[in-house]
Amino acid sequence: FALQDVLRGRTLEDALDVLPQIWSDLFRVMDDIKESVRIAAAKTVSALSRTTIKMCDVAQAGQKSGEATITAVMPTLLEKGLLSTVGDVRSAALAVIMKVTKSAGSLLKPHLSILIPALLEATSELEGTEIGYLSSRLANDPSIQEKLDLARISAAKSSPMMECVNFVIQYVDASSLMGLVPRLVDLIKTSIGLGTKGAAAHVVTALTHQCPLELEQYTGKILAAFFTGLSDRNPAVRKTYASAI
């Protein structure tokens, strides 16, 4: 409650060094055993979200301040928030990240190699485990399983996470590809999430339109990853990767 009072009507430009720790602590207490603590944490997260979004907004805070804030908070929002095992924490982090991506624009460029893969991983994290279980139960009926899994991939590509990805892809350039491509290749080859695999293939396809010349030097590595996936036991993955190739 004290933190809520501190945040009211203020920004934290002079306290950027502690902002990541505040976010981390709030994410932790959002899963506290006491309901009263969880409720207080959620209200404080709402207040801190407004402050953080305002500080990342170039139009309001200016480029230098916005860049410093994004550099400070983005790793915590992604690693401690979006990839959390607690549903309320993931939802809160995603809400902030979505609004920050829209207001920060090109300032996100240095963070795309981490931001995009984290959002891709979250597409599978937020899918109910029941659907994956149902798909595995349909393994003896490949045609029905394929229809279900293609629908899952389609749903993943239209998820809130992919809205963010589709928006920030416009800022991908040669410098961000250096860090992004190895992570995409890793997701394509090793991810266990169907939605993540399908979304990663979609991102590669989008990049061939966004920056084809810059992507050219990575063609061999990306194609090798997709070719490996052509032997995947899931027919929807095989079809999706073949389409990306």
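Predicted model: local features only at pLDDT ≥ 70, side-chain atom pairs only at ≥ 80, totals over all residues.

Colleague: Which residue forms an aromatic pair with Y171?

Modeller: A pair of aromatic rings is described by the distance of the centres and the angle of the planes. A search of the whole structure finds three aromatic pairs. In one of them, F167 pairs with Y171 edge-to-face, with 6.1 Å from centre to centre and 75° between the planes.

Colleague: Is F167 buried or partly exposed?

Modeller: F167 is partly exposed, because its relative accessibility is 23%. K102 lies over the face of F167, 5.7 Å from the ring centre.

Colleague: Now the helices. How many are there in the protein?

Modeller: The protein has 15 helices and zero strands. Take α7, residues 112–125, as the case. At 1.5 Å a residue, its 14 residues should span 20 Å, and the end C-alpha atoms are 19 Å apart, which agrees.

Colleague: Why is α7 described as largely enclosed by the rest of the structure?

Modeller: An α-helix has 3.6 residues a turn, so residues three or four places apart point the same way. In α7, eleven of the 14 residues are buried, so the helix is largely enclosed. Among them are L112, L115, I116, L119 and L120.

Colleague: And what percentage of the 245 residues in the protein is buried?

Modeller: Buried residues make up 48%. The accessible surface of the protein is about 12400 Å², with 54% of that belonging to carbon and sulfur atoms.

Note on methods
Residues numbered from 1 in each chain as written. Heavy atoms only, no water. Helix = DSSP H or I, 4+ residues; strand = E, 2+ residues; numbered from the N terminus. Expected span 1.5 Å × (residues − 1). Buried < 20%, exposed > 50% of the residue type's maximum accessible area, 1.4 Å probe, protein only. Areas by Shrake-Rupley, 256 points an atom, 1.4 Å probe, with all protein chains shown as cover. Phe/Tyr/Trp six-rings, centres within 6.5 Å; stacked < 30°, edge-to-face > 60°. Lys NZ or Arg CZ within 6 Å of the ring centre and 35° of its normal.
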